[in-house]
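Okay, everyone, thanks for coming along. Let me put the structure up, and then I'll walk you through a few places in it.

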Amino acid sequence: MEYRTFGKLDFRVSALGFGAMRLPTLGKYNEIDEPKAIEMVRHAIDHGVNYLDSAHGYHGGNSERLIAKALEGGRRNKVRLATKMPTWAVKSPADFDRFFEESCERLQTHRIDFYLLHNLQAGFWANVRDHGVLAWLDKKLAEGRIGHTGFSFHDSFDVLEDVLAAYPHWTVCQVQYNFACEDVQAGTAGVVFAASQGLAVVVMEPLFGGTLANPPPAVRSLWDAAGKDPADVALRWLWDMPQVATVLSGMSTLDQVKRNIASAGKGTGTFSEHELIAAVREKYKELAAVPCTACGYCVPCPNGVAIPESFTLLNQARIHGGGVGQLNRNLYAQMPKEKRADACVACHKCEDRCPQHIAIADWLARVHLAMTGK
Ligand SMILES: NC(=O)c1ccc[n+]([C@@H]2O[C@H](COP(=O)([O-])OP(=O)(O)OC[C@H]3O[C@@H](n4cnc5c(N)ncnc54)[C@H](OP(=O)(O)O)[C@@H]3O)[C@@H](O)[C@H]2O)c1
């Protein structure tokens, strides 16, 4: 495992961090397959991963509980724990303590090493800022209940500048970043700027929620011709940037954990696939449909529409075409009517929560058209 600088801290972070948002389940998102997930987390720690990322809401709160179980038996002091406050759910200053204490209780810890404001975008940032979150963070730092503060971020560069200027004690800036999303949200400019301000840049969605590792045939053929594994190259592309502290992968199987640890072990300076990445990036631009990563932040829809599932049907059909297109039209026809895209009443509530800022109501209308021809 390679270890890297973590902002201004005297802490060497593993190049690979463990994102606990996509743990293996028994079918439903909130029902984690505990034996498998515990084995994965422990394997990662035993092979050098020292940064775990969770959130109050992941797996309905069970991600934090699972981590506590995985750390039983002496692994707690081998890792730094990051978890996050659901900024969109804060209704009053009392919620800060409530969410924080719930996370501590689930994680079975008195102190959170890195406490992050989750999913900062302009509206959620204004919400917590106006409820006094910065003074609350100062208090928790002084009490020693929080080791360091930070935020995960899903908005434009100017909003990032605003957030950074508002508080001198940020340590962690977590951003969505990968070779296919250089210009999305704060993008490369945000990564470089946050690092220049002394923050530890933690990357999330390095494989764009797994989609970069499972490319459509037109993209897969580029990888195959080069004899390269897309996940390995996508991760090493990130580690090639000195501004990146650690890369979180939301691994879902033990095999993925092992493969990503192997990639992290190759070390900085091994990335040389610039032309291949450029060709793959161009091919994706040609194929692009809805920029949805199926993170699920848009749900529950007040009207019950299955939003990520609808976009997945459209994206798969658009990218893979042929048999997948027909299969997905059949799947769409079989969906309960109240979950289908045409059940959207365009209230737009989901759009405030979407980290990708997708015009969801518009796209749902396009899903329905593509899936039914009407
Ligand atoms: N704060 C926020 O707003 C926010 C938002 C998003 C993520 N996060 C955090 O960042 C973490 C990382 O983001 P992410 O989960 O989207 O990461 P990611 O690495 O982009 O996607 C994870 C998915 O990639 C696939 N994968 C991983 N390693 C692979 C390999 N070696 N080969 C093939 N496929 C592989 C798996 O998908 P399949 O199993 O489907 O193949 C896995 O579920 C999250 O877990 C979470 O902790 C935070």
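Pro300 sits in the loop between α11 (274-287) and α12 (307-320). Helices here are DSSP runs of H or I with at least four residues, strands are runs of E with at least two, and the numbering starts at the N terminus. The peptide bond that leads from Val299 into Pro300 is cis, with omega near 5 degrees.

Quick housekeeping before I go on. This is a predicted model, so local features need pLDDT of at least 70, side-chain atom pairs count only at pLDDT 80 or more, and totals for chains, interfaces and linings use all residues. Residues are numbered from 1 along each chain, as its sequence is written.

Phe208 lies in the loop between β9 and α8 (217-226). Its phi is near 50 degrees, a positive value in a residue other than glycine. His348 is not a glycine either, and its phi is positive too, at about 70 degrees. You'll find His348 in the loop between α13 (322-334) and α14 (349-353).

So which of these is buried or exposed? Here's the rule: buried takes 20 or more other C-beta atoms within 10 Å of the residue's own, exposed takes 12 or fewer, and partly exposed is in between, with C-beta atoms placed from the backbone. Phe208 counts as buried because it has 20 C-beta neighbours inside 10 Å. His348 is exposed, because 12 other C-beta atoms lie within 10 Å.

On to the barrel. There are 8 strands closing into it, in the order β3-β4-β5-β6-β7-β8-β9-β10, and the pairing is parallel. From one strand to the next, the twist averages 30 degrees. For angles like that, axes are lines fitted to C-alpha atoms (for helices, over the stretch in contact), and the angle between N-to-C directions runs from 0 to 180 degrees. Two strands count as paired if DSSP finds at least two bridges between them.

Let's follow β10, residues 244-249, where 6 of its 6 residues are buried. On one side, β10 runs parallel to β3 (residues 16-19), with 3 bridges joining them. There, Gly17 stands opposite Leu248. β10 also pairs with β9 (residues 200-204), again in the parallel sense and over 3 bridges. Val203 has Val247 as its bridge partner in that pairing. Back at β3, 2 bridges join it to β4 (residues 51-53), also parallel, and Gly19 is bridged to Asp53 in β4.

What about the ligand? Of the 31 residues around it, Gly19, Ser152, Met204, Gly210 and Gly250 come nearest. Near means that a residue's C-beta atom, placed from the backbone, lies within 6 Å of the molecule or strand. The elements giving two or more residues to this shell are β6 (112-120), β10 and α10 (254-265), and α10 has the largest share, with 3 residues. By class, the shell has 12 nonpolar, 14 polar and 5 charged residues. Nonpolar here covers Ala, Val, Leu, Ile, Met, Phe, Trp, Tyr, Cys and Pro; charged covers Asp, Glu, Lys and Arg; the others, Gly among them, are polar.

Last, the domains. The protein is divided into domain 1 (3-284) and domain 2 (307-372), with bounds from an automatic or database domain assignment. Their centres, taken over C-alpha atoms, are 27 Å apart. The contact takes 6 residues from domain 1 and 5 residues from domain 2, where contact means C-beta atoms, placed from the backbone, within 7 Å.

Notes: Two residues are in contact if their C-beta atoms, placed from the backbone, lie within 7 Å.
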